[in-house]
Amino acid sequence: IQQLQQSSEANTLSHRHQQLLVSTSRYTDDTVQQLQQQGYYVWRTSSLSFALSEACILPTQPLRWPVKQHQLPLHILTPRMCRALVQTKPRSPPAAAIIPTNEVFEDRPVYQLHYMCDTSSQQLVLSPTQLPTFDSAIKIGNTTRCLLLGEGLDLLTNNRISQLLPTTLQRIAWPPQTDHFRPTSATPTFFALEAEASCATKQQLPTFSLRHEIPMSPQDLRLWPFPIVNTPPRTQPQLRNLREPRRVDVSELFNSPEWNAILAMAKSEADEFHYRTSAPQHRHRRRTQPLIISRERSLALTNGCIVDLRPCFGSDGTIVSTSAIELVPQRATSNLNIPFMRQQAQALGIQDEALFDELEFGFTNNSTTPCQTRIYPAHNGAYDHYDEVDKSIQHDCDQGWIQGPSQYPLIWPFVAAPRNAILQYKGNGKTSIRVTTDFSEMQSPDSINAGQDLDLEPDLHLIRIQDFLLAVAILVAIFPEANLWSLDIMKFYRQLLKAPEELWQQGILWRGQFWLDLRCVFGDRIMVHKSSRVANFFVKCLRVLRNRRHTDLVRQRSDKLPVAAYAFLQDRCKRLGIDQAELSFLTEYIDDQLGVAPTAIMAQDDLNEAVQFVQACGFPIQREKIVGPATTMDALGVTIHIPNRTATLSAKFISKLEYRTNAILHASTVPIKDLEKLVYSHAHVACFVPKAKDFASDSFRYYHASKHSRMVSLSNTFKELAHRFLTFAKSQPSIPLAPMLIFPARGHDKRIDIEMDASGDIGWGFIAFGSDPTASVFYAQGRWDRFEKDWPINEKELIVSLYATLMLGSKFNQFFVLEAIDNTVAQQVARTNKSSSLRLRTLQRARANAQRLYGWLSHQQRIASHDNDLADSLSRYDNIAFQDAVRRRGLTPEQLILLPPSQVARQTVKKILSQVPNAKEN
């Protein structure tokens, strides 16, 4: 506030879209109207005004009016505005939520609040952590509890708190009269209710399964934020001890018994290769055992250094010298255009310095594995497909990625991890062999992978196919002619150099000969993190270059842009911010780049620019895998159909699933890795087949119970489950590109709120509010007859919900419904779809069937009895209390429409309960 007072914009609107505008004078009506049109919420007092951008609260529920009924994200209520909010301890305390200050209020310390998290009851939850304790917080009245925004504003305008505010505001008269204004075209947003339910509850409720089949409306998608993906982290370059390598005498190594033992193992491995490949019936028998030389002994043979032995060998492979060179960090020679990449990063503000450092000096995994000599024979798969292993090694040698062969090790000490060849089914009857390096070293606790601490890496955020589908849905909602494209980077891992100081991890023993791999390998677990950061760099650069190109098109009013593009950009810039004002979307999953653009021409431009940029960085593109522009495309196991706005499981994925399922079901025992792949395939099926979600947790539960074993004998139950998932996948159902998986907030045009109540001896009542506060409000009431009076109150409360569904379903077809119930039992039965009472289960089944009939997607919320004044007065036939509540709610008599009691609904309930014994008869 002090900074704003000193600026010339203190009492005027900024030309930029600020998050918060503050003025020490009262905004005029014209200023308020202008702010409303720009998407601001405005508070105006006699001596203080501030306007809050809707972009601040767009990810959360929009403001309800009056303000005391809504809760803002806490970062809006900064310590400048209110520094003494009091909160209860949440179930999951956020870290560093409250920070102590030197101020004291009523002999209690005051804390600054810097964090918030929402709960189902729409209250701000904070936790005093570390130094502060809950007992030392300020109490409001006689209680210490969660505060709503209205209470926070009351606290802000209280005389007692004025001393905590900046001195420039202490002269304001307390409490000021406050006016509230909302944006003229506020966008309905959403809050997720799935977080309140357990996994089992989600799968049982009809609401959660039906939502996957209902698309989001174009009005919602127009101002829906693009997913935030492929964000480069900020890192610092690694500290490297750059120095000239020393010469090391290795004569002791060449004359040691360990050297002879290694040569003997190489001969044994060559004999085993001949034995295993010439006699396939004995391929399961392993004769060569791993050879391990301790760290102390390995380093003692080379004076404590990791050395490069290649200078010791002549052109014929014999030892011609005993002077080796120490391996130290140094710049590596690469085919990548690293200066170009650094230049682009500096120009575009990408600050992942550690990534460019590793591109220049080679990639490291910083594994704590002991620096000892460990040599392993190959896995069975390498012997089964030895010709593919030969081709792979020869190809990498031709590319300069592998050096060898040699009859002696090329590095000392060194690890020769086991090679493997894995048969992969590519779909449509095609298979391929992937040659890998097992850095887990046969599950050794001292392996290279086991010694890696991935927590030291920047956070890894791999994109999900759902993120890309949402972006496609946003653009398709505005641009029906949108097109897709994709490309694949060739051998992504192998384009990245390994750091010289870690080359000792890259040894290979194959056919009795030694090789040295100079590139990153498929099998090093840290490479998912490293390669994803390269992908983040690509996406960030391409986004900036694309935005510059699109900006030029907008300025030139180019014919390439569709007419709707200008309004689309303007609305998103004003309401969501400049970062969300984009005409196309692109992302990358490791080596697969995906994009979508409003037209085929724009998609082709994005694709051409991506190909040129990636190749300019030195990475080759697989030309045969370039797809697009197209309106239908396969990506990450999903087929995207723009014409019909749906996504389905791809035929390739279904073919792979069938192959994996049949391979497992026809085997007596299954490797745990194969079971893991199948289970995660089941999870992918459940994302696109809503009815399969009920069984996904069963599949994971079986896997987690079995993963301690290397080989698993499948139970009949899991085999039936695998058959079921294969049937689900073959049915090829489709879901919308952006399903309505989130519950709309109040004010959405497809939501109604129903408040309901039942009295024990008099009757029942409910009232339904639509999205428009000036629209008609339907309500109904009825009296219990002499038979119904004997029913338990829990059943009566649930009956009112069934009545509301039957009487309102035809008027609000395919709506989202929030039921406010003041009976805990009825609320829990409706939410969890289960009860120990047979009669409640029967009523709930009838209620769920009725909601399916009318397409209702419902959620239940607890309402306090004193807040349920309308439905309570209806159930008691208290007309005076009802009229008073109507006036308090701001309703007019013209809005109220009384629905006559439905005799069909009443007879339906009686018929249902007549077939079920009551509690006494039970």
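In what order do the four strands of the open sheet stand? I looked this up first.

**Entry: ground rules**

I am working with a predicted model, where local features need pLDDT of at least 70 and side-chain atom pairs count only at pLDDT 80 or more, while totals for chains, interfaces and linings use all residues. I number residues from 1 along each chain as its sequence is written, and side-chain values use heavy atoms, with hydrogens and water left out.

**Entry: the sheet**

I find the order S23-S24-S20-S25, with antiparallel pairing. Strands (E, at least two residues) and helices (H or I, at least four) are DSSP runs, numbered from the N terminus. I take two strands as paired if DSSP finds at least two bridges between them. Strands of a sheet pair through backbone hydrogen bonds, either parallel or antiparallel.

The edge strands are S23 (585-589) and S25 (627-630), each of which pairs on one side only. On average, neighbouring strands here are turned by 15° against each other, direction ignored. For such angles, axes are lines fitted to C-alpha atoms (for helices over the stretch in contact), and the angles run from 0 to 180 degrees between N-to-C directions.

I then looked at S23 and S24 (residues 592-597), which pair in the antiparallel sense over five bridges. Leu586 stands opposite Gly595 in S24.

**Entry: helices on the sheet**

Helix H18 (residues 600-616) lies across S20, S24 and S25, and runs at about 15° to S20.

**Entry: salt bridges**

How many salt bridges does the structure hold? I find 40, counting a side-chain nitrogen of Lys or Arg within 4 Å of a carboxyl oxygen of Asp or Glu.

I looked up Glu501, which forms a salt bridge with Arg240, the closest N and O atoms being 3.1 Å apart. The pair links distant parts of the chain, 261 residues apart. Glu501 is in the loop between S20 and strand S21 (507-510), and Arg240 is in the loop between helix H7 (218-222) and strand S10 (247-249). Arg240 is buried, with a relative accessible area of 17%; buried means under 20%, exposed over 50% and partly exposed in between (1.4 Å probe, protein chains only).

Next I checked Asp606, which bridges to Arg549 with the closest N and O atoms 2.7 Å apart. Asp606 is in H18 and Arg549 in helix H16 (residues 527-556), 57 residues apart. Asp606 is buried, at 5% relative accessibility. I also find one network, in which salt bridges that share partners join Asp352, Glu358, Glu457, Lys530 and Arg533.

**Entry: helix H12 and its cover**

Is helix H12 (residues 353-361) mostly covered or mostly open? I find eight of its nine residues buried, including Phe356, Glu358 and Phe361. What covers them includes helix H11 (338-348) and H16. Just after H12, Gly362 takes a positive phi of about 105°.

I then looked at H11 and H16 together. They pack at an angle of about 60°, with their axes 11 Å apart. The two helices are therefore oblique to each other: angles under 35 degrees count as roughly parallel, over 145 as roughly antiparallel, 65 to 115 as roughly perpendicular and the rest as oblique. Among the residues in contact are Met341 and Leu348 of H11 and Phe537 and Val544 of H16.

Terms used:
Contact means heavy atoms within 4.5 Å.
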